[in-house]
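Biologist: I have the model open. Walk me through how to read its features, one at a time.

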Amino acid sequence: MAEKFHTELSELRKEAVEMAHFGRSMLRDAVDALIRQDEDLAVSVVDRKEEIHKMEVRLEERCYQLIALNQPMAKDMRIIACTLKVITASLRIGRYGKVIANIVRDLSDNPHIANLMSLPHMAELVIDMVDDAIEAYDTDNLRLIEAFTQRDDTIDALRHSIFRQGITYMMEDPRTISRCTHYIMVARYLERCADHACKIAENVQYMETGERVEIH
């Protein structure tokens, strides 16, 4: 019975990692679509929303079944609890990708302002955090998330910088208001994705050590 449970738990973690990569791919492709003003790629991101929702429902149900049928304790219970958090964070990262993709159509008619300000750089840093959080969950490697507080601070600083730049452009030229408003919102969505990566990291720490940490 215990062997069957641990086999199922291992399979659950594998599928949670797959879902996390799926959500990450939605964010990655949405950012690429924004940078290249690629409406077709943006549409493909939006079209994935139903698939990631189906993943969420299926994997959450499996978590609850494992708890109900096996009454896990200690590390095993922490793994399932962490997996539930990974599922939720992955869904939200994917949804933010969808929201960014929806913006692409509004921004595709005119050239970007100031090369999208610092959004491409910010996006790379955020996606790196998502990648490291997923890998830490998959491999139990806490070294990957050791510097998440500092990395999150960098993301926050970039968001504030993009906000200030956007306001400056809007004040100088009212014709940029709509475009800069979108840039500011994308920066906010990216910041939220970094926050979800931090939540995964917090739960991986708890899963591995039993100690709760707060990354902010």
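Biologist: Which side chain meets Glu-8 in a salt bridge?

Modeller: First, the ground rules. This is a predicted model, where local features need pLDDT of at least 70 and side-chain atom pairs count only at pLDDT 80 or more, while totals for chains, interfaces and linings use all residues. Residues are numbered from 1 along each chain as its sequence is written, and side-chain values use heavy atoms, with hydrogens and water left out.

Modeller: Now the term. A salt bridge is a side-chain nitrogen of Lys or Arg within 4 Å of a carboxyl oxygen of Asp or Glu. Here the partner of Glu-8 is Lys-4, at 2.6 Å, N to O.

Biologist: Where do Glu-8 and Lys-4 lie?

Modeller: Helices are DSSP runs (H or I, at least four residues; strands are E, at least two), numbered from the N terminus. Both residues lie in helix H1, residues 2-36. They are 4 residues apart, about one turn of the helix.

Biologist: Is Lys-4 buried or exposed?

Modeller: Buried means under 20% relative accessible area, exposed over 50%, and partly exposed in between (1.4 Å probe, protein chains only). Lys-4 is exposed because its relative accessible area is 52%. Glu-8 has 26%, so it is partly exposed.

Biologist: How many salt bridges does a search of the whole structure find?

Modeller: The search finds 17. One of the salt bridges pairs Arg-62 with Glu-15, with the closest N and O atoms 2.6 Å apart. Arg-62 lies in helix H3 and Glu-15 in helix H1, so this pair ties together parts that are 47 residues apart in sequence. Arg-62 is partly exposed at 22% relative accessible area. Glu-15 is also partly exposed, at 23%.

Biologist: Which residue forms a salt bridge with Glu-208?

Modeller: Lys-75 does, and the closest N and O atoms are 3.6 Å apart. This pair links distant parts of the chain: Glu-208 sits in helix H7 (residues 177-209) and Lys-75 in helix H4, 133 residues apart. Glu-208 counts as partly exposed at 22% relative accessibility. Lys-75 counts as partly exposed at 30%.

Modeller: Bridges can also share partners. Glu-15, Arg-58 and Arg-62 are joined into one network that way.

Biologist: Which residues form a nonpolar patch on the surface?

Modeller: Phe-163, Ile-167 and Met-171 do. Together they have about 310 Å² of accessible area, by the Shrake-Rupley method with a 1.4 Å probe; for residues, only the protein chains shown count as cover. Met-171 is in helix H6, residues 148-172. Met-171 has 68% relative accessibility, so it counts as exposed.

Biologist: Now the backbone. What is the phi of Gln-71?

Modeller: Gln-71 has a positive phi of about 45 degrees, although it is not a glycine. Gln-71 is in the loop between helix H3 (49-70) and H4. At 63% relative accessibility, Gln-71 counts as exposed.

Modeller: Leu-116 has a positive phi too, of about 65 degrees, and is not a glycine. Its place is the loop between H4 and H5. Leu-116 counts as buried, at 2% relative accessibility.

Biologist: How far apart in space are Ala-133 and Asn-203?

Modeller: They are 9.8 Å apart, C-alpha to C-alpha, and 70 residues apart in sequence. Ala-133 is in helix H5, residues 119-139. Ala-133 is buried, with a relative accessible area of 0%.

Biologist: Which residues does the UniProt annotation "domain: PhoU" cover?

Modeller: The unreviewed entry gives 18-104 and 120-204. UniProt positions are in the numbering used here, feature names are shortened, and annotations may be inferred rather than shown by experiment. Residues 18-104 are 92% helix and 0% strand, with end C-alpha atoms 26 Å apart. Residues 120-204 are 86% helix and 0% strand, with end C-alpha atoms 28 Å apart.

Note on methods
Patches are made of residues with over 30% relative accessible area and no salt bridge: like charges are joined within 9 Å, nonpolar side chains (Val, Leu, Ile, Met, Phe, Trp, Tyr) within 5 Å.
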